[in-house]
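These are my notebook entries on one chain. I looked up its helix packing, its nonpolar core and its charged pairs, in that order.

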Amino acid sequence: MKIIDQRYLESGNRYSTQPCLLSIVELEPVTPEQTEQLQQRLYAALPGLRRLHGLVGRRADEVPVIVELLQQTAIELRRLALNEVTVAFVGVVPRMAGRYRLVLPYSSQSAAAPSIALAAELVNATLAGRSFNLKAGLARLRALADRRRKPRGYLMHTARTILMSVIPKRTFSMPSIFRVSMPSSSAAASN
């Protein structure tokens, strides 16, 4: 399974009233036995995955279970990392066999695409029987979301504070060439 294309859609798009990430994934054929083993392994690694079956809507009957599992895994990873729960859907890409559309609404754009990528890595590793460091992946998602949550003004304020503490105060004083002497109000009235 690999991600072919991803696009960020603004709110009020054809899929949702919220901003969404539209992903196109390509899937190689997987046997029903492999899908069942994958599902059991994912349920063991992510126990909350069992509860998410109703949060992924199917737009076509031809969508394989593994595509739904990928979307559920992405939702569960975002729930664990960002405490964010969303409703998503999967569908087929018309006239393109083996390609499927995943639509995932988000509140943190910086963590939307990485959550799908992390879910694909986890599904591929689990399908191949390899181990996967889930804690490191969740820490990465949290770091991406936290980095974008800090307002830019806060960062500028912090940089200015650091500079002010390092550079001597007299550097910031106004040169005498810019001093302007204003006449007093009594002097102006006497003229």
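I took buried to mean under 20% relative accessible area, exposed over 50%, and partly exposed in between (1.4 Å probe, protein chains only). The model is predicted, so I kept to its thresholds: local features need pLDDT of at least 70, side-chain atom pairs count only at pLDDT 80 or more, and totals for chains, interfaces and linings use all residues. Residues are numbered from 1 along each chain as its sequence is written, and side-chain values use heavy atoms, with hydrogens and water left out.

**Entry 1: helix α1**

I used helices (H or I, at least four residues) and strands (E, at least two) as DSSP runs numbered from the N terminus. I asked which residues of α1 are buried. They are Thr35, Leu38, Gln39, Leu42 and Tyr43. These residues cover an arc of only 130° around the axis, which puts them on the same side of α1; the arc is that of the directions from the helix axis to the C-beta atoms. Glu33 and Ala44, on the other side of α1, are exposed. I found α2 and α3 among what covers the buried residues of α1, contact being heavy atoms within 4.5 Å.

**Entry 2: nonpolar core**

I defined a nonpolar core as a set of buried Ala, Val, Leu, Ile, Met, Phe, Trp, Tyr and Cys residues joined through side-chain atoms within 4.5 Å. The largest has 38 residues, and those with the most contacts inside it include Leu42, Ile66, Leu70 and Val123. Among the elements giving two or more residues to this core are α1 (32-45), α2 (65-82) and α3 (109-128). I then looked up leucine 70: beyond its neighbours within four places in sequence, its contacts are Met1, Val25, Leu102, Ile116, Ala119, Ala120 and Val123.

**Entry 3: charged pairs**

I counted 5 salt bridges, each a side-chain nitrogen of Lys or Arg within 4 Å of a carboxyl oxygen of Asp or Glu. One of them joins glutamate 26 to lysine 2 at 3.9 Å, N to O. Glutamate 26 lies in strand β2 and lysine 2 in strand β1 (residues 2-9), so this pair ties together parts 24 residues apart in sequence. Glutamate 26 also forms a salt bridge with arginine 99, with the closest N and O atoms 3.3 Å apart. Arginine 99 lies in strand β5, so its pairing with glutamate 26 of β2 ties together parts 73 residues apart in sequence. I noted that shared partners join Lys2, Glu26 and Arg99 into one network. Glutamate 26 is partly exposed at 23% relative accessible area, lysine 2 is partly exposed at 45%, and arginine 99 is partly exposed at 22%.
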